[in-house]
Amino acid sequence: MDLMTRTLVRVRFSDVDSMGVVWHGQYIRYFEDGREDFGNIHNINYLDFYNRGILIPVVKINCDYKRPLRYGDTAIVETKFVDTDAAKIMYQYRILNNETGELAATGSSTQVFLNLNHELLLAFPHFFIDWKKKNGLMSGVF
């Protein structure tokens, strides 16, 4: 079962560079918009982790640029949860121009689990295991 969201983002004037195209770093922010939307829709947002003493920093991010977005465009950020047995959270992204359907960028991100002392956790937090089971991503005891 794929868990995915589609998030509409509007390209703001502050998102573009002197050439009138979206500055490359903004695509990473669009990925963040997708992750936040995913968390809100699928009931697993950043505060759910933090309120349980878990931090989930991004440790790896990748973005492949395909076609530029410009000021005034709207885009769809598709955010797909990648299921893994390792103690991390992974997403894949596609950013599409909402008007033309053209692929603007693809990417991925990886987050790890830390406690509030910033120590790496090598196993899934229990509530995250419950969330995965509830969403058909795990069966039985883990």
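Student: Why is Asp15 called buried?

Tutor: The relative accessible area of Asp15 is 0%, and buried means under 20%, exposed means over 50%, and partly exposed lies in between, with a 1.4 Å probe and protein chains only, so Asp15 belongs with the buried residues. This is a predicted model, in which local features need pLDDT of at least 70 and side-chain atom pairs count only at pLDDT 80 or more, while totals for chains, interfaces and linings use all residues. Residues are numbered from 1 along each chain as its sequence is written, and side-chain values use heavy atoms, with hydrogens and water left out.

Student: What makes Asp15 and Arg29 a salt bridge?

Tutor: The closest N and O atoms of Asp15 and Arg29 are 3.0 Å apart, and a salt bridge is a side-chain nitrogen of Lys or Arg within 4 Å of a carboxyl oxygen of Asp or Glu, so this pair qualifies. The pair links distant parts of the chain, because Asp15 lies in the loop between β1 and α1 while Arg29 is in helix α1, 14 residues apart, where helices (H or I, at least four residues) and strands (E, at least two) are DSSP runs numbered from the N terminus. Arg12 and Asp33 join Asp15 and Arg29 in a network of salt bridges.

Student: How many bridges join β4 to β5?

Tutor: Eight bridges join these antiparallel strands, and two strands pair if DSSP finds at least two bridges between them, so β4 and β5 are paired. Thr79 has Tyr93 in β5 as bridge partner, and five residues lie between the strands of this hairpin.

Student: Why does Leu47 count as exposed?

Tutor: Leu47, placed in helix α2 (residues 46-50), has 54% relative accessibility, which is over the cut-off for exposed, so the word applies.
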